[in-house]
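Dear colleague,

I am handing over the structure below, and I would be grateful if you could look through it alongside the notes that follow.

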Amino acid sequence: MRAIWTGAISFGLINIPIKLFSAVQESNLDMDMLDEKDHANIKFKRVNENTGKEVTFANIVKGYKLDDKYVILEDSDFEAADAEKTKTIDIESFAFEKEIESIYYEQPYYLEPDKGAMNAYALLRDSLAASGKVGVTRFVLRNKESLAILKPYKNAIVLNRIRFEQEIRNTTDLKLPPASKVKTKELDMANKLIEQLTEKFDISTFKDEYTAKLLEIIKKKAKGKATKPTELKVVHKQSDDLMSMLKASLERKKSS
């Protein structure tokens, strides 16, 4: 793995130098965009809107449009906004993880201690594990300030970026049923079905089956073998009799 950011965790008066690594990788197949006529690769270029000429990445600057004019920003301008935050993951408080709604979670990263920081890193990791709490932090990555939590995962500390409250859309624009809409008997039956289907969560039992099947189709096509499309069973109208459907669901689970 390659570090994408270096800095330090600020924990009280303790500074823990760390390196940050992406904790996830996509399981999607790497597809190329091709010309339908001759299957040549499609290339994307950065082009000057006025001249139509290609611009190299080294000659591209960042600008913010203000009053119909662009204000050009340098690296020093981003650092001047808050130089300390560009190199520090500052733990502002601690909280129980269950207090943070899942909708706020965005992106996980692994933190690795830099030279001489093993003991301090282990102290923070083990303290978090013992307390059952997470560290609430804020830091700057790629010129964007982020909120994040620090939590132990196996022998590592994971930094998980979370969204600010203003980034979450309000539900008031959605057409939703009121909380009292469901009948008590239906709710009791639904709870029984949930209980019947409840089992200990094991992430290893879940695989990306779609990508595996798609790769199988690609290999067959490479050998000249045709694949038959799967026929989907479309339900045009669902019965309004929720009780009968719940009972049937319970019976189907019992017989399986």
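A residue is called buried here when its relative accessible area is under 20%, exposed when that value is over 50%, and partly exposed in between. By this rule both Trp5 and Phe139 are buried. Please bear in mind throughout that this is a predicted model.

Trp5 and Phe139 form one of them, with an edge-to-face arrangement in which the centres are 5.7 Å apart and the planes make an angle of 70°. Because Trp5 lies in strand S1 (residues 5–11) and Phe139 in strand S7 (residues 133–141), the pair ties together parts that are 134 residues apart in sequence.

Another edge-to-face pair is formed by Phe11 and Phe94, with 6.0 Å from centre to centre and 75° between the planes. Here Phe11 lies in strand S1 and Phe94 in strand S5 (residues 88–96), so this pair ties together parts that are 83 residues apart in sequence. As for their accessibility, Phe11 counts as partly exposed because its relative accessibility is 22%, and Phe94 is also partly exposed, with a relative accessible area of 41%.

Turning to the surface, Tyr64, Leu66, Val71 and Leu73 form a nonpolar patch, and together they have about 370 Å² of accessible area. The elements that contribute two or more residues to this nonpolar patch are strand S3 (62–66) and strand S4 (69–73). Leu73, whose place is in strand S4, has a relative accessibility of 30% and therefore counts as partly exposed.

There is also a patch of negative charge on the surface, in which Glu74, Asp75, Asp77 and Glu79 gather. Of these residues, Asp75 has its place in helix H1 (residues 75–81), and with a relative accessible area of 62% Asp75 is exposed.

Finally, Ala130 is found in helix H2 (residues 118–131), where a relative accessibility of 71% means that Ala130 counts as exposed. The C-alpha atom of Ala130 is separated by 9.9 Å from that of Pro152, although the two residues are 22 residues apart along the chain.

With kind regards

Methods. Residues numbered from 1 in each chain as written. Predicted model: local features only at pLDDT ≥ 70, side-chain atom pairs only at ≥ 80, totals over all residues. Heavy atoms only, no water. Patch = residues over 30% accessible without salt bridge, like charges linked within 9 Å, V, L, I, M, F, W, Y side chains within 5 Å. Areas by Shrake-Rupley, 256 points an atom, 1.4 Å probe, with all protein chains shown as cover. Salt bridge = Lys/Arg side-chain N within 4 Å of Asp/Glu carboxyl O. Helix = DSSP H or I, 4+ residues; strand = E, 2+ residues; numbered from the N terminus. Buried < 20%, exposed > 50% of the residue type's maximum accessible area, 1.4 Å probe, protein only. Lys, Arg positive; Asp, Glu negative; His and termini not counted. Charge placed at Lys NZ, Arg CZ, Asp CG, Glu CD. Phe/Tyr/Trp six-rings, centres within 6.5 Å; stacked < 30°, edge-to-face > 60°.
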